[in-house]
Amino acid sequence: MPLLELQQINTFYGPVQVHFDLSLVVEQGQIVCLLGGNASGKSTTMKIILGLLKPHNGSVHFDGQEITGLPTPQLVRRGIGSVPESRRLFPAMTVRENLLMGAFSRTDRANVQNDYDHVLQLFPKLRERLEQRAGTLSGGEQQMVAMARALMGRPRLLCMDEPTMGLSPLYVDRVLELIQTINRQGVTVFMVEQNANLALQIAHYGYVLQTGSIALHGPARELLRNPQIRDAYLGGV
Ligand SMILES: Nc1ncnc2c1ncn2[C@@H]1O[C@H](COP(=O)(O)OP(=O)(O)OP(=O)(O)O)[C@@H](O)[C@H]1O
Ligand SMILES: [Mg+2]
């Protein structure tokens, strides 16, 4: 059974249809990336999974249970974590406070301290920034906080929209490495990425969204070799 399954999703913003029978699956333990051009509906797919938007019809299943349209806090409790596109930190709060907000829905308080220690091991740079207000961090540092905060919710599935957007090359590499590390520690990852080449290098499987439905999908290694993908998304190299 896949960890996440979208079946025949149709989504509208008012009269404008964005998804046309969109279907995809995310297998447990994998890194799956969703590629696609601007305005193809990638972020809208994230909103559907995270319960921020209801599809007109179609279904979302997580771990075998239908979750279509459930409110986001319920999805967090079930194990879906997210790093939203704009990172959406609480800018006036410190890094420490932002991290602890990631555990807001948890009742297993005893484990929260362990997870806090664990994320600081994963993101040692944040240790030096714990008392700094999040809004004053660099873009790369804010991305680290957003990832660490999502992990504080102990997600089984981590959803990330454009995790490398706006980051310097050094941070891009660092973030991709961290995604792999997090995945090896047992977290399934579903990510939207503009940088198809980099995303496919760390992903197990990829989907290509074109005007709201899946045009192409396959193991990441095959997509990297696929001439259609190379022309459209990898700069033809
Ligand atoms: N809140 C909204 N109201 C109306 N239309 C919207 C809204 N959000 C997105 N859209 C439209 O839906 C389409 C898909 O948008 P979406 O943000 O999902 O694309 P995307 O693939 O993430 O694009 P990008 O690569 O630019 O991030 C776009 O045409 C966009 O203008
Ligand atoms: Mg987007």
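User: What makes this a nonpolar core, and which residues have the most contacts inside the largest one?

Analyst: The largest nonpolar core has 48 residues. Leu99, Phe123, Met147, Ile179 and Met191 have the most contacts inside it. The term covers buried Ala, Val, Leu, Ile, Met, Phe, Trp, Tyr and Cys residues joined through side-chain atoms within 4.5 Å. Buried means under 20% relative accessible area; exposed is over 50%, and partly exposed lies in between (1.4 Å probe, protein chains only). The five named residues are of types Leu, Phe, Met and Ile, which the definition includes. This is a predicted model: local features need pLDDT of at least 70, side-chain atom pairs count only at pLDDT 80 or more, and totals for chains, interfaces and linings use all residues. Residues are numbered from 1 along each chain as its sequence is written, chains are lettered from A and ligands numbered from 1 in the order in which they are written, and side-chain values use heavy atoms, without hydrogens and water.

User: Which helix gives the most to this core?

Analyst: Helix H6 (residues 139-151), with 7 residues. Helices are DSSP runs of H or I with at least four residues, strands are E runs of at least two, and both are numbered from the N terminus. The core also draws at least three residues from each of domain 1 (4-79 + 155-233) and domain 2 (91-154). Those bounds come from an automatic or database domain assignment.

User: How do you know that H6 is mostly covered?

Analyst: Set its residues against the cut-off for buried. Of its 13 residues, 12 are buried. Among them are Gly140, Glu141, Met147 and Leu151. The buried residues pack against E6, helix H3 (95-101), helix H4 (109-122), helix H5 (124-127), E7 and H7.

User: What span does H6 reach, and what is expected?

Analyst: H6 reaches 19 Å from its first C-alpha to its last. The expected span is 1.5 Å times one less than the number of residues.

User: What counts as a contact, and which residues does Met191 touch?

Analyst: Contact means heavy atoms within 4.5 Å. Neighbours within four places in sequence are left aside. Met191 then touches residues including Ile31, Met46, Leu176, Ile179 and Ile202.

User: Why are E6 and E10 edge strands in their sheet?

Analyst: The open sheet has 6 strands in the order E6-E7-E8-E3-E9-E10, with mixed pairing. Strands E6 (80-83) and E10 (213-219) each have a single partner, so one side of each has no neighbour in the sheet. Two strands pair if DSSP finds at least two bridges between them. Strand E9 (residues 205-210) and E10 pass that test, with 6 bridges in the antiparallel sense.

User: How is the direction of H7 set against E8?

Analyst: Axes are lines fitted to C-alpha atoms, for helices over the stretch in contact, and angles run from 0 to 180 degrees between N-to-C directions. Helix H7 (residues 169-184) runs at about 150 degrees to strand E8 (188-192). H7 lies across strand E3 (31-36), E7 and E8.
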